[in-house]
Amino acid sequence: MKKEGQIRIPSGCAIAAVISKDGKKMSGDLITQAMKPMHVRSNGLGGGFAGYGIYPEYKDFYALHMFFDDRSSRISCEAFLKEYFEIVHCERIPTRKMPQITDEPIVWRYFIAPLKSMLANLQLDEKELVSRIVMKINKEQNGTYVFSSGKNMGTFKAVGYPEDVGVFYKLEEYEGYSWTGHGRYPTNTPGWWGGAHPFTLLDYSVVHNGEISSYDANRRFIEMFGYKCTLQTDTEVITYIMDYLVRVQGLTLTEAANVVAAPFWSTIEGNPDYASRRQFTYLRTVFPSLLVTGPFSIVLGYTGGLMVLNDRLKLRSMVIAEKDDRVFIASEEAAIRTMEPNAGKLRAPKGGEPVIIQVKEGAY
Amino acid sequence: MKKYVIAGNGAAAANCIEGIRSIDSDGSITVISEEKHEAYCRPLISYYLENKTVPENMGYRKDGFYQRMKAAVLYGQKAVHIHKDKKTVGLDNGEILPYDALCLAVGSSPFIPKMEGLDNVSRKHTFMTLDDALSLEQDVDENTKVLIIGAGLIGLKCAEGISGRTKSITVCDLADRILSSILDAECASMMQRHLEKHGMRFLLGDSVSRFDKDTAIMKSGTIVDFDVLVLAVGVRPNTALLKEIGGEVNRGMLVNSSMETSIEGIYAAGDCTESEDLSSGTGKVLAILPNAAFQGFVAGVNMAGGNAVFDKAIPMNSIGFFGLHAMTAGTYAGKMYEEKNDRSIKRLYTEDDRLKGFVLIGCDERAGIYTSMIREQTPLSSVDFELMKKNATTAAFSRKTRTEKFGRTV
Amino acid sequence: MKRVYVDEQWCLGCHLCEYNCAFANSGLPDMVLALKGKPIYPRIHIEGHDKITYAVSCRHCEDPICVKSCIAGAISKDGEVVKIDRSRCVSCYTCILVCPYGALTPDENGVMQKCELCLENACGEPACVKGCPNRAIIYEERGEA
Amino acid sequence: MGVDFIYPEFEVIRNESRCIACRVCERQCANEVHFFSPERGIMMSDETKCVDCQRCVSLCPTRALKIIRSDCALRENANWPDSTIKEIYRQASSGGVLLSSMGTPKAYPVYWDKIVINASQVTNPSIDPLREPMETRVTLGKKPDKIRRGEDGRIVYELPPQISLSMPILFSAMSYGSLSYNAHASLARAAEELGILYNTGEGGLHEDFYCYGPNTIVQVASGRFGVHMDYLKAGSAIEIKIGQGAKPGIGGHLPGTKIVGDISRTRMIPEGTDAISPAPHHDIYSIEDLRQLVFSLKEAINYSKPIIVKVAAVHNIAAIASGIARSGADIIAIDGIRGGTGAAPTRIRDNVGIPIELALAAVDQRLREEGIRNNVSLVIGGSVRSSTDVVKAIALGADACYIATSALLALGCHLCRTCHTGKCNWGIATQNPELVKRLNPDIGSKRLVNLMTAWRHEIMELMGGMGINSIEALRGNRLMLRGVGLTEKELEILGISHAGE
């Protein structure tokens, strides 16, 4: 049977997220609990979380979370890393032994800083270098997989139900201002840890529920720009698209959302505002291949915020609620109620309408 | 409510009723009908004798015409006097009809020249009305010898009409040819040959010197025995009604293009009138049905206060005998173009860049195109006349004209 | 009113209109039965000269001269449609003499016939229009000249 | 050898019991196959002249006619098929190059027919185009590499010239001269009504059709016929034609007999002179020369419209396309071996070039590998026969498809493949006014609009089935395709998996 990356595996999912607009830290237990009422949306073949602000002591370093099939993979990978980076700190990521989670690979994290000489040599900025090296490892180094690479954030994922994965990774020991969680329902996979969500590149993490019909159009386009879709998952390609649009092309998150979930031409033409019409038309004309069709609901995590986005037909559920400084997002309201029974302002964003929750400047 | 009176009940009268009703749906219409029939088509009487139609089919309009038109008909009555100042019409039964507008559609009457011994002829007929035809029918069987005086349209149609009923028909005419009013010698002779093939005998350039009972002694000395005599020498417009009250009358009543006579409120239409022949520019009695119909309708419209003119009268005739049709129109003036063979003759007369008239014998295809050229006075220079003269065809018009004719409502 | 119009620009001179007309007015269910082995007497005719062809049928004039001229009262306007009551026709050909389009023609017995827009035969709409391969004959409402 | 008899290819079968001798067949056959025998009172045929265009069959009001292939055959020989032998006879008789029209009849693999399309089931909802918006609009042209922002931080809306199509189809180049005036009028009017484009081909643009400029691609080919400033400015795009799928590597030849009247005026050559398009452009002997022509044209029109470079699909098409993509061209058009022609040497048409599906897949992949796919749009042609061919082409990576034969079929073409005789009974590939008038553009344009509307509906249905509601999301979406009965190599080139994988 082919595993993730050798074949494209569509899957349905559960999503939850929480963020404090004031940048107040929350325990990872909160997001773990949120996944419980959505148990039936997963099938035990993948769960994961991303937390932001969890590594304050290493916040200036890229935190690489990695799976190794065996020790030798780790040794050779470390050697490779050292060609480009200074490894400031590395360790095995703490986990619990539990019957629900089995066949675990070796799970490590590295806090690294790019070598200045290498940056100058390759004429790259450090983000570009980190992203290229991550791609290179994932594409070329068998038995090694980088599943998190941002600063002061990290993802934790495994094959299993998400509520078990949270316990497995001891998330209650982490504190972050923003968390996303994901439970997976792949229709056809042997279950591979790397295939679980969130999917990340640098500090972008994506949790996604859906099956995008534009997948190969998006993939074949984005791969022109150095991205390698090794997993063949929607989440991966969406992450790369967001990275490309926001980091490489310099679009705002809203603009990027208007590319990915572009308004229909008829909607654009009916827009009374000339400036908006022009902008929408321009973005659709320039990036037609980055339009994502088919059902999806995603939460994009990044340093200092979250963006929620549905496909333009709103073919997947996604609700948002608030309480005080906290904003809650989930596939189902039940997940929100688990995190905060008294959450209010419950709403379902429209198809294609990005909702961006930004942490106060300086609070993260 | 206006009062309309129409004297006469032929094609002109029927069209006059329709003309009035196209403008005025309320006014009262009274028709004075000398004959005791609804309006019928007089030219059909020969076809009746020929068994090509039956009286039920001879009505000029469909059954119920007068009811639909809300017109009252006084059958068997005749207008005998008009009081133009009182605006009344007096009938032969003494009745007086007031009118606001009067139309004289009184037609014409057979002209019977004085002939010695005529009074002693036992069975003599004129051939003008349905009653004439019905009475003639009674008198003719297969052994009847018929003498018809007059080889004009009426006489010959009568001859054709009874040709199936009797074996012996002799037609005589003072003129040296048949249909002398519309055909020249050559054309007439072609028609004559055709008629002779169907058993007619002709005595032309000859006339009855006197009758000796049922024998005609001709000027030439020829003696013709007959059983039935038909007098078809000609007709005269009935103009007396107008003439006696000082209305302008020539051979027929004179009318303007609105069909009004010289007396206000009195209109005239049909065979009793004289109209200007557009093709010759002269006044003529054009006693043909289409003229009567146009005139009657125009008179009716104007009587009811509408505004219509008819100024495109031309002589024209389509007359067929035993399948050979002769069509004529306009005047035979100017340059003649001719095509002929032993079965047909075509003659077109042109003058001043116009088609003036034509004779078509045995070549009637699309003849109306020629007729309309005469009526519309189409400049020959605007058509491909070389083509047109060989073939009556709209293909000879310019594309633009054709587009107008065929691409629009006409 | 909807009338039949011709556009000579597109007429191919294929004469199909004549056959479709003759068939439609034959009252027979099959064209072969209706037309095989006999001359046809259609109510529409291809006319033309040189390379120009076009179909001519009754124009249903506003003020039809044939109606006024018919000596038998056989031609009338029924609404906007000029119709002929063929049982009354005596074949005098006066209508031929007056029609400026050459739209009336005799049938095999010399009885006059004309286009009545197929409104009362089995076709129900002008057969010439329906069968014209190049839309050179059109049935529609148009303005006056 | 005196005897050089080739038995007629077709037989005219006339059902005497149905024929009413209306003679429509006789009047409609420009080849003069049918004639009436007054003596016998029946219609007869001279089958030697029949090309099986089916005009008579189509117009026969009693369905008394059919044209069938003659079964008079030479002795069966797998190595020497009948057609090959007869071609030899013809050449032995004429001493000339064999000429043909339309696309090759040879049985090259049609990869479209070996590719199947995906649909959503359970995991992803299909979309009903009757209920939800379904977008088929495409914009062709080079896309900018980098978004630029002004000093106020707002995006600067700079964009190379684009052309917008309501659906991913254009009418391919067919010249006025090879096609009739009415065929061009039909194409132009349909393109306007549909919101797509048609292409002048190398015959110039008749003055009557300048009004369709926004829906016109003007072509500049090696003969440069009809090219002048107003012409270049008239359309929405300029196409430099390097080659054509039906005859890669050779030029064109419209005989002087066809250069009459408006054709001569439109082509700007004297009446009666042969219009010879050289095999190469004599100012393009290399890729850098192409670049110069591209930029000359751009200068001429002030960089206001995209430049298309059209090439035939040949062996190294991927590399050629890569070169063109770097030449400044905005759009590459590729024409496959099965593409049509008004006239081409038979041997070339039937043997030179490669199938469009393989060319498309190779070019799209190559341009992506080089990261320059965004530099150009890709239009492909060469027997796009249906909406599914279009969907498959788009999924393989085309931005849009050129159709020509399909459009001509809509206009009445029956693929008798004798365009080169100039006696097209359907009024399409002829200049004989009597024949030209057989194509009424009112009908022609409507039929084209119908065809495209039908295809568009089908495309939308297929997209909806795939859960895609914008054609952009289908472009290059090869996962939506699977091969059936293809070799590993073919699958590899097409970049698709086999069905079941």
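Predicted model: local features only at pLDDT ≥ 70, side-chain atom pairs only at ≥ 80, totals over all residues.
Modeller: Residues are numbered from 1 along each chain as its sequence is written, with chains lettered from A and ligands numbered from 1 in the order in which they are written.

Colleague: Why are H11(D) and H14(D) called oblique to each other?

Modeller: Helix H11 (residues 387-396) and helix H14 (residues 441-466) of chain D pack at an angle of about 50°, with their axes 9 Å apart. Angles under 35 degrees count as roughly parallel, over 145 as roughly antiparallel, 65 to 115 as roughly perpendicular and the rest as oblique; H11(D) and H14(D) are therefore oblique.

Colleague: Which residues of H11(D) and H14(D) meet?

Modeller: D:Ser387, D:Thr388, D:Val390 and D:Val391 in H11(D) meet D:Trp455, D:Glu458, D:Ile459 and D:Leu462 in H14(D), where contact requires C-beta atoms, placed from the backbone, within 7 Å.

Colleague: What makes B:Asp352 exposed?

Modeller: B:Asp352 has 10 other C-beta atoms within 10 Å. A residue is buried if 20 or more other C-beta atoms lie within 10 Å of its own, exposed if 12 or fewer, and partly exposed in between, so B:Asp352 is exposed. Its phi is near 50°, a positive value in a residue other than glycine.

Colleague: Why is C:Arg135 called partly exposed?

Modeller: C:Arg135 has 14 other C-beta atoms within 10 Å and is therefore partly exposed. Phi of C:Arg135 is also positive, near 50°.

Terms used: Axes fitted to C-alpha atoms, helices over the stretch in contact; angles between N-to-C directions. Helix = DSSP H or I, 4+ residues; strand = E, 2+ residues; numbered from the N terminus. Contact = placed C-beta atoms within 7 Å.
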